[in-house]
Amino acid sequence: MEHLVTSARDVAYAYLRGRLVEGHLPPGEVLDDATIAQEISVSRTPVREALIQLEREGVVAMPPRRRPKVAEAHAGDLELIIAPLGILQALAAQLAAPRATGDDVAALRAHNDELLDALREGDVGRARLADVAFHRVLVSRADNRFLTSAIDSLELHTSRTVSLYFRNRGPDGRSAREHEEIIEAVAAHDGLDAARATRSNYLRGLTAIGEPE
């Protein structure tokens, strides 16, 4: 789910989320709202509102009468996250395939081409972004805000854990080939096959990541 920056709260949320996703805020780090507000030129109130939202999403801890801090995260969390995320992404693919347009198929191919280009250049970060963008096409076409919200929350935890513990790991050439299977199923409007291929892609990707660095 994309967060449109339309208010000071959105600015604060986007800033903090980005820092968390990129692994720049390690677990346990204290989050001082006054310092953050100064960094992004907003008042403290929208920063506090953003912190409350991030607490709901499980990436910030706000103990009573203590300053907020970054929630704990462990390398082993990835295995716990990927399994349900794969199931939800498979459901999104199943819902999206029957209603997919030619533009959707073209977007899937473009993102997969971007993934392949990134792999050839050894750019792991760019490859991960292309992979996320690929699956986001199907999430958007599924057009279910509750499903989108659930996927968005799990992707936040996935990206954060990868940035903290698996920074130099990402999709591989086999992922791109598996994406081709998904594209074929979507182009044929075959929801069940798109779901099968998507779930397999996610679960196989988990084993490919391997041990933390």
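Tutor: Helix H1 (residues 8–21) packs against helix H7 (residues 145–165) at an angle of about 50 degrees, and their axes are 7 Å apart. That makes H1 oblique to H7. Axes here are lines fitted to C-alpha atoms, for helices over the stretch in contact, and angles run from 0 to 180 degrees between N-to-C directions. Angles under 35 degrees count as roughly parallel, over 145 as roughly antiparallel, 65 to 115 as roughly perpendicular, and the rest as oblique. Helices (H or I, at least four residues) and strands (E, at least two) are DSSP runs, numbered from the N terminus.

This is a predicted model, in which local features need pLDDT of at least 70 and side-chain atom pairs count only at pLDDT 80 or more, while totals for chains, interfaces and linings use all residues. Residues are numbered from 1 along each chain as its sequence is written, and side-chain values use heavy atoms, with hydrogens and water left out.

Now the residues. From H1 come Arg17, Leu20 and Val21. They meet Asp152, Leu156, Ser159, Arg160 and Ser163 in H7. Contact means heavy atoms within 4.5 Å. By class, the residues of this contact are three nonpolar, two polar and three charged. Ala, Val, Leu, Ile, Met, Phe, Trp, Tyr, Cys and Pro count as nonpolar, Asp, Glu, Lys and Arg as charged, and the others, Gly among them, as polar.

H1 has another partner, helix H2 (residues 33–40). Their axes come within 11 Å and cross at roughly 100 degrees. H1 and H2 are therefore roughly perpendicular to each other. Val11, Ala12, Tyr15 and Leu16 of H1 meet Ile36, Glu39 and Ile40 of H2. That contact has six nonpolar residues, no polar ones and one charged.

Phi of Ser41 is near 60 degrees, a positive value in a residue other than glycine. Most residues other than glycine have a negative phi. Ser41 is exposed, with a relative accessible area of 66%. Exposed means over 50% relative accessible area, buried under 20%, partly exposed in between (1.4 Å probe, protein chains only).

H7 also packs with helix H6 (residues 124–142). The angle is about 170 degrees, with the axes 11 Å apart. H6 and H7 are therefore roughly antiparallel to each other. H6 brings Arg128, Val132, Arg136, Val139 and Ala142 to this contact. Among the H7 residues there are Asp152 and Ser163, and both of these also meet H1. The H6 contact with H7 divides into six nonpolar, two polar and four charged residues.

Asp143 lies in the loop between H6 and H7. Phi of Asp143 is near 55 degrees, again positive in a residue other than glycine. At 64% relative accessibility, Asp143 counts as exposed.

Step back to the whole. The protein has nine helices and two strands. From the N terminus, the elements run α-α-α-β-β-α-α-α-α-α-α. Its C-alpha trace spans about 55 × 35 × 30 Å along the principal axes. Of its 213 residues, 42% count as buried. Among contacts with a separation of 6 or more, 77% join residues 24 or more positions apart.
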